[in-house]
Amino acid sequence: MSQDDSSPQTGASAGARSDASRRTAATPPRRGGGTLAVALLLSLVAVGGAGYVGWRQWQQEQGNAAGSAALTGLQQRVNQLESAFTASDSERNLLRQRLGDADQVNRSLREELLSQAERTRNLEDAVAKLSEKTLSGHDAMLLDETESLLRMAKERYELFHDAQGAAAAYALADQALAAVDDGAFSGLRQSIGAEREALAKSQPAGLDASLSTLTALRAATLALPLKPLDAPASGSTAGGWSRIVATLNEVVKVQRANGAPLSVADARFARELAAIDLAQAQAALLASDHEAYVAALKRADAGIAAQFDANAPAVQQARAQLATLIAQQSVTPVQLGAALNELRNLRAVHALKPASSSSAAAGAKP
């Protein structure tokens with residue numbers, strides 16, 4: 001189509017528009033305001049709904065993004081747990097393998113332990129046989145010596161009350177028993193030590209002091225004053241008989257063959273008797289014979305009271321010392337023989353061991 005053809009059409013359309021506008025302006029306006037308001041309201045509602053839908057879509061997209069992020073984190077944690085489980089599974093397999101190895105080692109150790117126990121029993125049997133062979137020689141001689149010493153200590157204490165000598169014999173028996181190689185007799189040394197300690201405690205604590213006191217009394221008897229021979233008689237006994245005795249003493253004099261006066265001989269005899277009684281007390285004290293010791297002290301006290309001047313301070317002091325010695329308590333005797341009986345029982349048991357072992361071996365053979 002050319003430019004000339006289009007221009008008349010354009011002019012015609014422009015004329016039609018102008019006519020329409022005039023017609024419109026000439027016609028009065030219609031009542032359409034309510035419809036416009038409703039349309040405007042509907043458009044606002046549509047815009048609001050579109051905005052709400054868009055906001056909900058935006059929230060959904062945000063939620064989807066957060067869910068995808070959480071899902072990614074959970075996936076990572078699941079991967080980590082899978083790797084940890086795989087590692088623990090491998091460690092469990094390794095531990096199971098190690099437990100199997102340890103079980104095998106324990107089984108082998110148990111077998112070795114059983115073999116060692118059997119070897120130990122064999123060694124014990126061999127040592128027992130060797131000990132029995134050894135006991136027949138050197139140990140038997142030492143045990144005989146120990147038994148003889150214990151028996152001698154018991155008899156010495158029972159016969160002579162010699163606690164010190166019995167304790168010395170027990171010490172020698174302990175030394176002889178210490179040289180025995182058999183360990184079955186080691187407990188016997190405790191019994192010997194207990195009886196030896198009892199003997200040591202049975203000895204009086206003041207033995208040396210008592211012996212020193214008796215020695216001093218024996219020396220003091222040589223200087224104790226005797227009763228005066230010419231002392232005046234009491235009023236009840238003074239009379240004619242005293243005058244007759246005094247007259248006869250002036251007329252008749254009795255003397256020893258060696259010329260010693262009777263008073264001098266009596267004094268020497270009284271002192272010797274007191275010294276003998278004190279010496280017997282010393283011997284009884286050393287022999288631990290309390291009854292003989294007290295009897296000798298009482299005889300010495302009676303002799304001093306009868307022959308010496310009771311008013312002299314030296315005589316009074318000597319009698320006070322004798323009374324103190326008499327008042328001393330006796331020591332309870334010790335019962336010996338438990339160690340000796342134990343030794344004999346042990347030797348009897350060891351003497352039966354070879355016979356019992358041989359009988360058991362004979363019973364074990366088919």
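The model is predicted: local features need pLDDT of at least 70, side-chain atom pairs count only at pLDDT 80 or more, and totals for chains, interfaces and linings use all residues. Residues are numbered from 1 along each chain as its sequence is written, and side-chain values use heavy atoms, with hydrogens and water left out. The structure holds nine salt bridges and one aromatic pair.

- Side chains of opposite charge can pair when their charged atoms come close.
- A salt bridge here is a side-chain nitrogen of Lys or Arg within 4 Å of a carboxyl oxygen of Asp or Glu.
- Helices are DSSP runs of H or I with at least four residues, numbered from the N terminus.
- An α-helix has 3.6 residues a turn, so residues three or four places apart point the same way.
- E147 also bridges to R347, at 3.3 Å from N to O.
- E147 lies in helix α2 and R347 in helix α10 (residues 338-364), so this pair ties together parts that are 200 residues apart in sequence.
- E147 counts as buried because its relative accessibility is 15%; buried means under 20% relative accessible area, exposed means over 50%, and partly exposed is in between (1.4 Å probe, protein chains only).
- R151 is partly exposed at 37%, and R347 is partly exposed at 23%.
- A network of salt bridges links D144, E147, R151, R344 and R347.

**The D277 bridge**

- D277 belongs to helix α7 (residues 262-286).
- D277 forms a salt bridge with R299, and the closest N and O atoms are 3.6 Å apart.
- R299 lies in helix α8 (residues 290-307) and D277 in helix α7, so the pair ties together parts that are 22 residues apart in sequence.
- D277 is buried at 13% relative accessibility, while R299 is partly exposed at 40%.
- Leaving aside neighbours within four places in sequence, D277 is in contact with A296, R299 and A300; contact means heavy atoms within 4.5 Å.

**A nonpolar patch**

- L40, L41, L44 and V45 make a nonpolar surface patch of about 410 Å².
- Patches are made of residues with over 30% relative accessible area and no salt bridge; like charges are joined within 9 Å, and nonpolar side chains (Val, Leu, Ile, Met, Phe, Trp, Tyr) within 5 Å.
- Accessible areas come from the Shrake-Rupley method with a 1.4 Å probe; for residues, only the protein chains shown count as cover.
- V45 is found in helix α2 and is exposed, with a relative accessible area of 53%.

**Helix α3**

- Helix α3 (residues 163-178) has 16 residues.
- From first C-alpha to last, helix α3 reaches 22 Å, close to the 22 Å expected at 1.5 Å a residue; the expected span is 1.5 Å times one less than the number of residues.
- Buried residues in α3 include A163, Y170, D174 and L177.

**The aromatic pair**

- Y52 and W55 form a tilted aromatic pair, with 6.1 Å centre to centre and 40° between the planes.
- Rings of Phe, Tyr and Trp (its six-membered ring) pair if their centres lie within 6.5 Å; planes under 30 degrees apart count as stacked, over 60 as edge-to-face and the rest as tilted.
- Y52 and W55 both lie in helix α2, three residues apart, about one turn of the helix.
- W55 is partly exposed at 41% relative accessibility.

Notes. Helices (H or I, at least four residues) and strands (E, at least two) are DSSP runs, numbered from the N terminus.
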